[in-house]
Amino acid sequence: MTKDRTGPVRRLVVAPHCDDEVLGCGGLLAKYTGECGVVVLAAPDRVRSKEFDEAREVLGYSASWLLDLPDGSVGTDMTALVGMIDHVVDECRPQEVYLPFPSLHQDHVAAYEAGMRASRMAMGTRHWFTPTVLIYDVAAYDLVLYPSDLRWNHFESLTEAQVDLKAEAFSCYQSQLAAGPHAANEMKTTARSLGSQRQIAFAEQYALVRTIR
């Protein structure tokens with residue numbers, strides 16, 4: 001596990017790969033710059049690692065952890081994965097944890113399942129019980145094909161400037177850009193559509209698993 005620029009973290013984003021944090025939570029990261037941290041499960045290559053740093057600079061958050069697990073098989077040892085996420089959660093004690101929708105990608109399924117287990121209530125007092133758990137949307141995959149009872153029922157209001165930062169941050173991932181029509185190329189349009197349906201300018205969507213108020 002590698003760690004960089006850690007600090008107080010109120011909102012922790014669990015990302016299967018470098019770029020998922022921007023696709024799903026880029027607006028949130030831009031909105032709550034000083035409160036956010038990102039933990040990435042799969043080890044990036046040198047190019048993607050540089051892109052991750054560039055995207056982080058654009059969004060402005062500082063706390064990050066890289067678990068450096070094999071790309072494509074981060075969930076091979078689920079017990080170890082849960083333990084690693086547990087360690088990060090116990091270290092930063094966030095009020096909110098953001099997990100990826102368990103889409104058709106095996107690493108996203110593993111990240112969701114491990115993150116949910118790390119968010120459990122445990123018998124011991126040393127385990128941090130995160131009050132709020134939300135699921136984020138990574139528009140690179142077709143969510144309709146994956147059975148789930150999750151519903152997009154929580155919407156983060158964003159400004160145009162925050163959405164523009166999200167798009168700029170994703171443009172840092174030149175190795176991951178898709179050509180032609182693709183949801184990842186329509187971030188601003190999607191954010192505007194999600195917002196207008198709720199009488200706000202722009203939004204990101206999340207599924208609320210639990211919250212304690």
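How many aromatic pairs does a search of the whole structure find?

1. The search finds three aromatic pairs, a pair being rings of Phe, Tyr or Trp (its six-membered ring) with centres within 6.5 Å, where planes under 30 degrees apart count as stacked, over 60 as edge-to-face and the rest as tilted. This is a predicted model, in which local features need pLDDT of at least 70 and side-chain atom pairs count only at pLDDT 80 or more, while totals for chains, interfaces and linings use all residues. Residues are numbered from 1 along each chain as its sequence is written, and side-chain values use heavy atoms, with hydrogens and water left out.

2. Tyr98 and Tyr206 form an edge-to-face pair, 5.3 Å centre to centre with 70 degrees between the planes. Because Tyr98 lies in strand S5 (residues 96-100) and Tyr206 in strand S8 (residues 202-210), the pair ties together parts that are 108 residues apart in sequence; strands here are DSSP runs (E, at least two residues), numbered from the N terminus. Both tyrosines, Tyr98 and Tyr206, are buried, where buried means under 20% relative accessible area, exposed over 50% and partly exposed in between (1.4 Å probe, protein chains only).

3. Phe170 and Tyr173 form a tilted pair, with 6.3 Å centre to centre and 45 degrees between the planes. Phe170 is buried at a relative accessible area of 4%, and Tyr173 counts as buried at 0%.

4. The structure holds zero disulfides, a disulfide being a pair of cysteine sulfur atoms within 2.5 Å. For Cys18, the nearest cysteine sulfur is that of Cys172, 12 Å away. Cys18 counts as buried at 2% relative accessibility, as does Cys172 at 14%.

Notes. Helices (H or I, at least four residues) and strands (E, at least two) are DSSP runs, numbered from the N terminus.
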